[in-house]
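Here are a few exercises to work through with the model open beside you. Try each task before you read its solution.

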Amino acid sequence: MYSFEDKEKQLMCEEIAHFFKEEHDLDLGMIGTGRVLDFFQEMLGNRIYNKALEDAKRFFEKYADNMETDYYALYRDVR
């Protein structure tokens with residue numbers, strides 16, 4: 001599983017703390033926000049990763065189709 005750098009994790013924990021304060025009027029410390037981040041990373045991380053791979057595959061398939069069309073457009077008529 002991907003491990004975030006300390007700075008990234010700190011910023012995400014601050015965002016989580018802000019969200020819980022604004023939406024639920026809850027004050028979460030660094031341990032609480034870290035546990036929330038770990039939970040969602042564990043629950044959603046692989047799903048998001050796989051979805052990103054599927055999106056990239058579709059993009060490159062479309063790109064390859066366009067490239068093949070462009071390739072054949074380069075041919076010149078032969079008399």
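**Exercise 1. Find the residues that are linked with Lys21 in a network of salt bridges.**

Solution. Start with the criterion: a salt bridge is a side-chain nitrogen of Lys or Arg within 4 Å of a carboxyl oxygen of Asp or Glu. Now look around Lys21: the network links Lys21, Asp25 and Asp27. Before going on, note that this is a predicted model, where local features need pLDDT of at least 70, side-chain atom pairs count only at pLDDT 80 or more, and totals for chains, interfaces and linings use all residues. Residues are numbered from 1 along each chain as its sequence is written, and side-chain values use heavy atoms, with hydrogens and water left out.

**Exercise 2. Work out which parts the salt bridge between Asp38 and Lys9 ties together.**

Solution. First check the contact: the two side chains, Asp38 and Lys9, meet at 3.4 Å, N to O. Asp38 sits in helix 2 and Lys9 in helix 1, so their bridge joins parts 29 residues apart in sequence. (Helices are DSSP runs of H or I, at least four residues, numbered from the N terminus.) Finally, check exposure, where buried means under 20% relative accessible area, exposed over 50%, and partly exposed in between, with a 1.4 Å probe and protein chains only. Asp38 comes out partly exposed at 35%, and Lys9 is partly exposed too, at 29%.

**Exercise 3. Describe the spacing of the salt bridges Asp55–Lys51 and Lys57–Glu61.**

Solution. Take Asp55 and Lys51: their closest N and O atoms are 2.7 Å apart. Both belong to helix 2 and are 4 residues apart, about one turn of the helix. Then go to Lys57 and Glu61, which meet at 2.7 Å, N to O. Lys57 and Glu61 are also 4 residues apart in helix 2, about one helical turn. As for accessibility, Lys57 counts as exposed at 52%, while Glu61 is partly exposed at 39%.

**Exercise 4. Which residues are closest to the centre of the largest pocket?**

Solution. A pocket here is an open set of points on a 1 Å grid over the protein atoms alone, where a 1.4 Å probe fits, with protein on both sides within 12 Å along at least five of seven lines; lining residues have an atom within 4 Å of a point. Of the 13 lining residues, Phe4, Phe40, Gln41, Leu44 and Gly45 are closest to the centre. Then ask where the lining comes from: helix 2 gives the largest share, 9 residues.

How values were computed:
Helix = DSSP H or I, 4+ residues; strand = E, 2+ residues; numbered from the N terminus.
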